[in-house]
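Hello,

Please find the structure below, as promised. My notes on it follow.

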Amino acid sequence: MRYVCIHGHFYQPPRENPWLDEVEVQDAAAPYHDWNARIAAECYWPNAAARLLGHGNLITGIVNNYTSISFNYGPTLLAWLARHEPDLLAQILAADQASRRRFGGHGNAIAQAYGHAILPLLNLRDKTTHVRWGIREFMYRFGRQPEGMWLPETAVDIPTLEVLAAEGIQFTILVPHQARRIRPLAHTAWHVVRPEELDTTRPYLSRLPSGKHIVLFFSHGPLARAVAFEGLLHSGDRLVERIMAAFRPQSDEPQLVHFATDGESYGHHHRFGEMALAFALDDITRRQLARVTNYGEYLASYPPTWEVEIVENTSWSCAHGVERWRGDCGCRVGTTPGWTQRWRAPLREALLWLAEAIDRMFEQQGARLLVDPWRARDEYIELVLDRTPDRIAEFCARHGARVLTQGEQVAVLKLLEMARHRLLMFTSCGWFFDELSGVETTQILCYAARAIEYAEGYGVPLESEFIERLRAAPSNIPEYGDGAGVYSQKVLPARVGFSRVVANHAICQILEPQRASAVPRAFAVHWTDSEQEEYGVTALKIGRVQVVSTLTREAGEFACAVLRLTTHDVHCVVSDTLAGTSYEQVKDELLGLFARGSLSEVVRSLDRTFGAAYYTAKDLFLDDRRRVLTRVSEGIFARLEDSYWQLYRENQRLMEFLRDLDVPLPQGFALAVGFLLNRRFLRALTATIRGTGERDVLEAIWVDMQKWQVPLEAEAAGEICRQAIEERLARLLADPMSQAITEILFLLELAERFRLVFNLWRAQTLFAQVCTRHLRSLLRRRVHEEAIAHQVAFLRHLGKRLGFFAVNGMVLDDWE
């Protein structure tokens, strides 16, 4: 009668640039590209392949935690996973399927309201859209109707529960202070309950004014706090003890000990937290201390016998209800002296004003094209998930007030994109942190700016008034002053129009002619005409470019010319009016000027023809800018290396003389030799791994590094080795007899020789997959085939080098 359910709320704020539909590089997440990538590596992936340790801290098993815990993934995060980590998403979906087989048809995954807005602060129409989008997105990913739904920040009121119940959601999860009073279903007298008095081991029925009802589970508060904030995940044994101590002793009633935390607790907030979770779940099951379950299965077996009335307008992360998202209530993350959150209320007021203005325009313009604009908005999630031409045509046919022309379909899509950004601008993270200019608040202001752009396309000017209203929101950082300053300094520069897309594409092509230029997801770019001439390092390209928005199908055609002056200095101009004969004449004139070698005349002609506005490398999108300038810098470093090598050869005897006399090298010499030897070591390491270089060369460089006491750039060297090992393990997964295994062992020996330290997590995971897919077959066949016996021996040796004691219950020592 004892059951355990652990819920992980996995969520990240949406981080895509609203104009590009791409997450741009975030330096604070280094060495990863962005925070989504970093947290995926630290948490989401490790929970899909968590280590069980034993026998001297060797790996005894690898388990997918998602098969044993209740969980929800934010819809916008799932969309990111689908684009950037499809293998991880496949593991999550497979875990839900496995849990349905394990738990009587009830999957571990539950849905989440779409945009992580605080639902009690939204009007009924917006509540409904967020819930419907969350359900539809869940069904698209998981292939089934969700039984439960996570409320962002567990923020709740009766209208929110009414929407959930109306949409078929059976249960949600709250925390104890959100319960006001309780009673058995057969009784009439209510009992007012304090948080510490609430029995969280049972589900509660919430009867709603409409006559509908929904089941509420209340997370065990002390356990959740201990996991999230008190270091309980430092010990799997201690976690088991605390879970088991939460049961009422000597009770014959069914009891569900359950708690909910941010899923990021397991690996990101607490390193190796996923291992403590895996151990606890395995230990509870193996020792039969309780039955691990999920909410759906438990509810099917033990329907509620008690009912509850909630405390409305409450949440799990604000002691003042939901004030954190509309006022300076005192809830904050940091402790910077003098900082306040007086900006929160004016920010919400400005956004509410903007939302009302956009809604009026949406309804008015939408009524001209759509049978029911609000129903179309509710169902627009179908196109957010799948924007193929056939889906767009079917959607417009279903919702159009008549047969819509191509232009009218574009107008419909622009209206609905405006509505989507207007919904996302209320993402809760924009108010959660301490400063108005923070990343999360800037993000929701970008959503607002994008919605404003769409609205102003219909002749509805909103931006000036919106900026004026933002002046009432004070920043804690003097350089911004207020919300208007944040908007002008951080939001407006992020805007991207068709012209900048064209310029970005053209500049990348002329600076990186050997590389296929990537285009942001929000656009498709096609050159309908182009011609390029080069002379030395200089080059001129001129052509016509068609750009199409993949979000709205809006299209434009532009003339573009880009002049490369040096390896990094460019002058690019774009026109949306130059066409036909005029374009051909301008092209011929420009190419003629360039052929005569008069670059200044080319620039003057560009300015006369295209206007004064121009683009340079600094106008590239952030990722492109970093990549292009890194490539340019690499050329400079190569020349610098040649100079340092000459310096080293000319002064080697002097340096050795100083060393023999125990005199420290002058800083200039030390910097030069450090730069030189590290670059040569990394190049020799790469050549050795590829088989195009000799290990003796690598060893000689290593000896020189020891002689001159040059510290190795271990992170860069380790990354080269890690990638090579993982690439060869992937080959071994495809072909278990691949000779890649000897290369892997060689690489591990190299890493040990040169004291390279890198993360073996993915290599270990791939090795376990190799064994899962192939080992039993190899063990059966090795008796008759000597080559297979040798390969099994190599596998056993590799497993030991990677820290395994056993794989899938098979002890490595038993493979002999």
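**Second largest pocket**

The lining of the second largest pocket is made up of 17 nonpolar, 11 charged and nine polar residues. Before going on, please note that this is a predicted model.

The second largest pocket holds about 1400 Å³ of space. Its lining comes to 37 residues, and those nearest the centre are Y32, A41, R722, N759 and W761. Six elements are listed as giving two or more residues to this lining: α1 (35–48), β2 (50–54), α3 (86–102), α8 (273–286), α25 (714–734) and α27 (761–781).

**Packing of α27 and α28**

Helix α27, one of the elements in the pocket lining, also packs against another helix. For α27 and α28 (residues 786–801), the axes come within 10 Å and cross at roughly 145°. The crossing of these two helices is left-handed.

Which residues meet in this contact? On the α27 side they are F767, V770, L778, L779 and R781, and on the α28 side I788, V792, L795, L798 and G799. By type, the residues of the contact between α27 and α28 divide into eight nonpolar, one polar and one charged.

**Cavities**

How many cavities of 30 Å³ or more does a search of the whole structure find? There are six. The volume of the largest cavity is about 50 Å³.

The largest cavity is lined by 13 residues, with Y73, L78, I110, A111 and F138 lying nearest its centre. At least two lining residues come from each of β4 (70–73), α2 (75–84), β5 (111–112) and α4 (124–142). Of these, α4 supplies the largest share, four residues. The lining of the largest cavity divides into nine nonpolar residues, three polar and one charged.

**Aromatic pairs**

The structure contains 34 aromatic pairs. One of them is formed by F171 and F217: the ring centres are 5.6 Å apart and the planes stand at 90°, so the pair counts as edge-to-face. The cut-off behind that label is an angle over 60 degrees between the planes. F171 lies in strand β7 (residues 171–174) and F217 in strand β11 (residues 213–218).

Regards

Conventions
Residues are numbered from 1 along each chain as its sequence is written. This is a predicted model: local features need pLDDT of at least 70, side-chain atom pairs count only at pLDDT 80 or more; totals for chains, interfaces and linings use all residues. Side-chain values use heavy atoms; hydrogens and water are left out. On a 1 Å grid over the protein atoms alone, a cavity is a set of points where a 1.4 Å probe fits but cannot get out, and a pocket is an open set with protein on both sides within 12 Å along at least five of seven lines; lining residues have an atom within 4 Å of a point. Grid points are joined across faces, edges and corners, and a volume is the space filled by probe spheres set on the points. Ala, Val, Leu, Ile, Met, Phe, Trp, Tyr, Cys and Pro count as nonpolar, Asp, Glu, Lys and Arg as charged, and the others, Gly among them, as polar. Axes are lines fitted to C-alpha atoms, for helices over the stretch in contact, and angles run from 0 to 180 degrees between N-to-C directions. A crossing is left-handed if the near helix is turned anticlockwise from the far one by less than a right angle, and right-handed if clockwise. Contact means heavy atoms within 4.5 Å. Rings of Phe, Tyr and Trp (its six-membered ring) pair if their centres lie within 6.5 Å; planes under 30 degrees apart count as stacked, over 60 as edge-to-face and the rest as tilted.
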